[in-house]
Amino acid sequence: MKRRELLAISGTMLLSGCGVFDSRVRLGGVRLENFETNSREVDIRVEKDGDIVYDGTVSIDPPSDTVSTRIIDCTWDTDAASAYSVAAKLFDRAEWTELALDEEGGACQWVSVQCEYGAIHLDSKNCNDYPEIPCDLPSSYSR
């Protein structure tokens, strides 16, 4: 098979339902965590079904002990199961780190954006595995 045919088939598979936007989960929140000794500014973007629902620069202080945390305002419907992705980068850098949520992480997840060692790391957590979810979930969510 020629390279162009293979690329065309791959593109068709992505568009026909094998892509990142197949998973439908609830995004319970985004939490910024700073493990570094200096304050940071972080660009954060949240997409829901391919549309940007949060896009902002967030400042976070250095930790007084081991970690400093800041909760991002939920500008999306936390009760809606959708295809979510979260991207973040240090304000003075060009490269984004992105995490697309999938159903393997649970029906409800929150995302931790971590500043550590001069880089950004993203991690998703199941809402059931965390005592406090960053955003208030509707009463329809049972833990």
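Biologist: Which residue in β3 stands opposite Val 42?

Modeller: Val 58 stands opposite Val 42. Before we go on, this is a predicted model: local features need pLDDT of at least 70 and side-chain atom pairs count only at pLDDT 80 or more, while totals for chains, interfaces and linings use all residues. Residues are numbered from 1 along each chain as its sequence is written, and side-chain values use heavy atoms, leaving out hydrogens and water.

Biologist: What makes β2 and β3 a pair?

Modeller: Two strands pair if DSSP finds at least two bridges between them. Strand β2 (residues 40-48) and β3 have 9 bridges, in the antiparallel sense, so they pass that test. Their hairpin has 2 residues between the strands, and Asp 49 takes a positive phi near 50 degrees there.

Biologist: Which strands form the open sheet, and in what order?

Modeller: The order is β3-β2-β5-β6, with antiparallel pairing.

Biologist: Why are β3 and β6 said to stand at the edges?

Modeller: β3 (51-60) and β6 (97-100) each have a single partner strand, so one side of each has no neighbour in the sheet.

Biologist: How many helices and strands does the protein chain have?

Modeller: The chain has 1 helix and 8 strands; these are DSSP runs numbered from the N terminus (helices: H or I, at least four residues; strands: E, at least two). Along the sequence, the pattern reads α-β-β-β-β-β-β-β-β.

Biologist: Is Gln 114 called buried or exposed, and why?

Modeller: Buried means under 20% relative accessible area, exposed over 50%, and partly exposed in between (1.4 Å probe, protein chains only). Gln 114 has 16%, so it is buried. In the protein chain, 40% of the 143 residues are buried.

Biologist: Where does Gln 114 sit, and in which strand? What does its side chain make a polar contact with?

Modeller: Gln 114 lies in strand β7 (residues 108-116). Its side chain makes a polar contact with the side chain of Ser 112, at 3.1 Å. A polar contact is a pair of N or O atoms within 3.5 Å; within protein, one must be able to donate a hydrogen and the other to accept it, and residues adjacent in sequence count only if both atoms are side-chain atoms.

Biologist: Which residues does Gln 114 touch, not counting those up to four places away in sequence?

Modeller: They are Glu 33, Phe 35, Ala 119, Ile 120, His 121 and Asp 123. Contact here means heavy atoms within 4.5 Å.
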